Amino acid sequence: MTGDGKTIKILFLGDLVGRPGRFVVRDFLKKQRENYDFIIANVENASHGFGLTEKNYNEISEYGIDCMTSGNHIWDKREILNYIDKADRLVRPFNYPNGTPGRGSKVFELDNGVKVAVINALGRVFMAPVDSQWETVADEIKRLKEITQIIIVDFHAEATAEKICFGRFCADLGASAFFGTHTHVQTADEQIVNNMGYITDAGFCGTSDGVIGMEYNTSLNRFTTCIPERYEVADGNVVQINAVEVEIDSTSGHAAAIKRIFCYVDENEKEEDNEK
Ligand SMILES: [Fe+2]
Ligand SMILES: [Fe+2]
């Protein structure tokens with residue numbers, strides 16, 4: 001434990017986008033890993049911007065990330081169907097239909113026996129249709145509260161109003177922290193709501209000079225011509241870490257503090273080559 005033994009400090013990293021996202025997080029955690037009891041990262045865009053290969057899953061595990069959450073891009077690398085059921089750190093959206101491979105929530109046990117439950121869910125506004133998160137996640141929070149008071153939610157959704165409303169709903173059910181993801185733009189509304197740490201969107205980790213982590217020109221062509229063109233991950237010298245840290249009382253599950261992290265790294269100013 002990092003603090004007094006009663007409070008646990010959790011770090012949540014916004015969507016890792018491609019290799020720049022993976023590498024900036026890898027380097028960040030070399031120095032910061034020991035400051036946290038539990039680290040979560042959204043990895044739905046970690047492999048070339050779309051999905052997650054088994055190789056990248058293993059690499060990201062070695063960075064010191066304890067839990068990986070995901071979102072609508074979870075199935076983009078078809079090989080995930082071959083390994084998701086044995087990927088112990090990976091949580092896919094909870095509100096997919098029954099029978100979907102993988103798991104939508106998981107309870108992790110820290111070295112000192114403290115249990116942390118993580119739920120990942122998709123929103124339904126401006127998103128592909130999925131089961132309602134309202135009933136399914138509510139039932140799951142109630143079930144998990146029988147196991148631990150520490151409940152973390154990654155809500156992967158487009159509409160800010162849906163995120164705010166669902167966040168408040170989860171707070172009233174006793175969640176400890178709620179991190180919005182998917183829009184890749186970090187919001188400045190971090191707060192404690194009814195004992196729960198909340199932010200509408202955690203942002204993304206990856207190349208700053210692009211369009212939410214993707215290359216500008218292909219994004220521009222898609223918007224201006226309406227002709228589908230394959231997205232490419234942005235490449236540039238300036239990369240960013242978008243993350244949120246939350247301190248949680250390990251007995252009550254109540255959040256005591258929340259802080260946004262937004263930092264830039266200029267690869268030109270680093271002494272060592274970053275394997276790019
Ligand atoms: Fe994403
Ligand atoms: Fe997404």
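This is a predicted model: local features need pLDDT of at least 70, side-chain atom pairs count only at pLDDT 80 or more; totals for chains, interfaces and linings use all residues.
Histidine 184 counts as buried, because its relative accessibility is 7%.

Glutamate 44 is located in the loop between strand S3 (38-42) and helix H2 (54-62), whereas histidine 184 is located in the loop between strand S8 (177-181) and strand S9 (191-193), so the pair ties together parts that are 140 residues apart in sequence. With a relative accessibility of 1%, glutamate 44 counts as buried.

Helix H1 (residues 18-32) comprises 15 residues and reaches 21 Å from its first C-alpha to its last, close to the 21 Å expected at 1.5 Å a residue. Eleven of the 15 residues of H1 are buried, so the helix is largely enclosed by the rest of the structure. Among these buried residues are Gly18, Pro20, Phe23, Val24, Val25, Phe28 and Leu29, and also the charged residues Arg22, Arg26 and Asp27. The side chains of aspartate 27 and arginine 26 form a salt bridge with an N to O distance of 3.0 Å. Aspartate 27 has a relative accessible area of 14% and is buried; arginine 26, at 13%, is likewise buried.

Strand S12 (residues 238-249) is mostly covered, with ten of its twelve residues buried. Strand S1 (residues 7-13) runs antiparallel to S12 and is joined to it by seven bridges, with threonine 7 having aspartate 249 as its bridge partner in S12. Strand S11 (residues 204-207) also pairs with S12 in the antiparallel sense, over two bridges; here threonine 207 stands opposite valine 239. Eleven bridges connect S12 to the antiparallel strand S13 (residues 255-266), and isoleucine 258 in S13 is the bridge partner of valine 246. Five residues lie between the strands in the hairpin of S12 and S13, where glycine 253 takes a positive phi near 80°.

The count of salt bridges comes to twelve. One of them joins glutamate 245 to lysine 9, with the closest N and O atoms 3.8 Å apart. Glutamate 245 lies in strand S12 and lysine 9 in strand S1, so this pair ties together parts that are 236 residues apart in sequence. Glutamate 245 counts as buried at 9% relative accessibility.

In helix H2, the side chains of lysine 55 and glutamate 59 meet in a salt bridge at 3.1 Å, N to O. The two residues are four apart in the helix and are thus separated by about one helical turn. Lysine 55 is exposed, with a relative accessible area of 57%, whereas glutamate 59 is partly exposed, at 22%. Both residues take part in a network of salt bridges that links Arg22, Lys55 and Glu59. Arg22 is also one of the buried residues of H1.

Notes. Residues are numbered from 1 along each chain as its sequence is written. Chains are lettered from A and ligands numbered from 1 in the order in which they are written. Side-chain values use heavy atoms; hydrogens and water are left out. Buried means under 20% relative accessible area, exposed over 50%, partly exposed in between (1.4 Å probe, protein chains only). The expected span of a helix is 1.5 Å times one less than its number of residues. Two strands pair if DSSP finds at least two bridges between them. A salt bridge is a side-chain nitrogen of Lys or Arg within 4 Å of a carboxyl oxygen of Asp or Glu.
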